[in-house]
Amino acid sequence: MIDYKIEIENLRKVFGRRLIFDGIELELNSGSVYGVSGPNGSGKSTFVKLISGLISPTKGKVMHSIAGKEIIEEKLHNYLGFVSPYLVMYDEFSGLENIEQVMKIRGLNIDYDYVTYLFDEVNLKERKFDLVKGYSSGMKQRLKFVFALIHNPELLIFDEPTSNLDIEGKEKVYKLIKEEKEKGKLIIIASNEIEDIKQCDSTIDLINYKKAN
Amino acid sequence: MKAIALFNKDWQSELRTRYAINALAMFILVTISVILFSIGSEKITPYLTGGLLWVVIFFSAMSGLSRAFVSEEERGTTMTLQLVASPSTIFSGKLTFNLLLVFLMNIAITILFILLFESFTVQNYSLFLISFFFGNIGIAISSTIIAAIISKASSKGTLYPVLSFPILLPLILTLLELTKFAMDGDTVEKAFVEIAVLISYDVIMGTASYLLFDFIWKD
């Protein structure tokens with residue numbers, strides 16, 4: 001059983017003079033799916049970027065730990081799988097080459113059976129040798145799931161996971177979320193889609209943290 | 001190994017997109033052609049040719065070496081990198097890529113100078129090669145960290161030479177002095193102080209860049 005925990009202490013983020021959110025105190029544990037909701041501009045993407053260590057908080061702390069051992073920020077990428085609309089894969093490489101390059105940079109061996117399985121799961125098996133610049137927006141979104149899952153991370157963060165996907169694609173994503181949850185992973189979904197939020201065990205509504213200075 | 005994998009990714013990407021190589025090659029050809037046309041049939045001194053060599057190298061570096069980070073930022077792949085590697089891996093990988101580009105670029109420029117400028121005559125080759133080697137490392141390190149700083153700015157094209165000039169000036173001045181020594185046929189012992197300055201510059205810039213990169217890379 002994976003014992004992954006995120007502790008958020010008094011988190012505050014300000015862009016310029018605009019307060020995004022303040023005073024977030026949470027504890028997130030593996031084996032659960034957490035939703036992050038709120039209207040446009042409420043800071044959903046900012047919140048997941050802060051958790052991922054991609055940006056720094058104005059105040060407060062986000063601490064990651066696995067089996068009680070703290071994960072330093074420099075190593076966080078080893079435990080994290082991330083999907084988001086603003087994540088861009090390399091256009092000049094094929095879908096498969098993108099994944100191979102990423103695995104080599106991570107310093108991990110490539111399990112081609114698992115790669116094939118994931119490409120099959122997201123319905124990209126026939127197109128994995130095509131350059132990404134020839135992919136549709138939906139196919140690029142599917143490729144991001146292979147990118148997020150290929151190193152079998154303990155923490156999965158999906159920002160608007162079903163954007164650009166057709167009904168079949170959405171069903172695949174929900175199936176993947178269910179499977180990963182059963183493996184005991186910690187999953188965070190930031191979305192406004194009701195169907196996406198329905199996959200979550202509990203929801204963090206960011207509007208509750210948008211208090212005045 | 002991870003840094004080498006990142007370097008390989010950048011190199012394969014460069015071979016497919018020709019993002020930096022084409023810009024560098026065109027810049028080198030145009031600059032040297034302009035110098036040749038402006039000189040015409042006049043004779044120029046060896047010192048002036050040595051100076052021109054480093055002027056061409058400086059401006060060529062300005063035209064192509066920022067691409068290591070700027071291309072990632074422009075294509076929106078910066079976050080992809082952040083999600084797969086630590087800042088130290090990214091800096092080391094990008095530095096290796098820039099080192100290769102600097103050496104390729106400067107070897108090409110030097111060969112063209114030897115072929116096209118009669119007055120470019122080096123008496124002490126070992127001194128010139130020492131200066132060339134450590135000079136290239138200095139240019140690559142400085143260009144890499146400056147590229148990381150400017151990659152998130154809106155006016156990258158202007159900011160890069162402006163920021164580079166004060167940082168690369170001590171390096172270029174030392175290299176000019178060493179090139180003069182090499183052209184005069186002075187010994188390595190005579191140029192010891194300049195070589196020590198050159199190596200110190202590389203060590204200081206390398207250490208400072210490695211330590212600062214973490215702060216530059218995030219946000």
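Visitor: Why is A:Asn123 called partly exposed?
Guide: In this predicted model, A:Asn123 has 15 other C-beta atoms within 10 Å. A residue is buried at 20 or more and exposed at 12 or fewer. The count of 15 falls in between, so A:Asn123 is partly exposed.

Visitor: Where is A:Asn123 found in chain A?
Guide: A:Asn123 is in the loop between α3 (112–121) and α4 (137–149) of chain A. Its phi is positive, about 60°, although A:Asn123 is not a glycine.

Visitor: What makes A:Ala67 exposed?
Guide: A:Ala67 has 10 other C-beta atoms within 10 Å. The cut-off for exposed is 12 or fewer, and therefore A:Ala67 is exposed.

Visitor: What is noted about the phi of A:Ala67, and where is its place in chain A?
Guide: A:Ala67 is not a glycine, yet its phi is positive, about 50°. Its place is the loop between β4 (59–66) and β5 (69–71) of chain A.

Visitor: How many residues does the contact take from chain B and from chain A?
Guide: The contact takes 21 from chain B and 19 from chain A. Residues count as in contact if their C-beta atoms lie within 7 Å.

Visitor: Which elements give two or more residues to the side of chain B that touches chain A?
Guide: They are α1 (2–17) and α5 (78–84) of chain B. The largest share, seven residues, comes from α1(B). By type, the residues of that side divide into eight nonpolar, seven polar and six charged.

Notes
Residues numbered from 1 in each chain as written. Chains lettered and ligands numbered in written order. Predicted model: local features only at pLDDT ≥ 70, side-chain atom pairs only at ≥ 80, totals over all residues. Helix = DSSP H or I, 4+ residues; strand = E, 2+ residues; numbered from the N terminus. Contact = placed C-beta atoms within 7 Å. Nonpolar A, V, L, I, M, F, W, Y, C, P; charged D, E, K, R; others polar.
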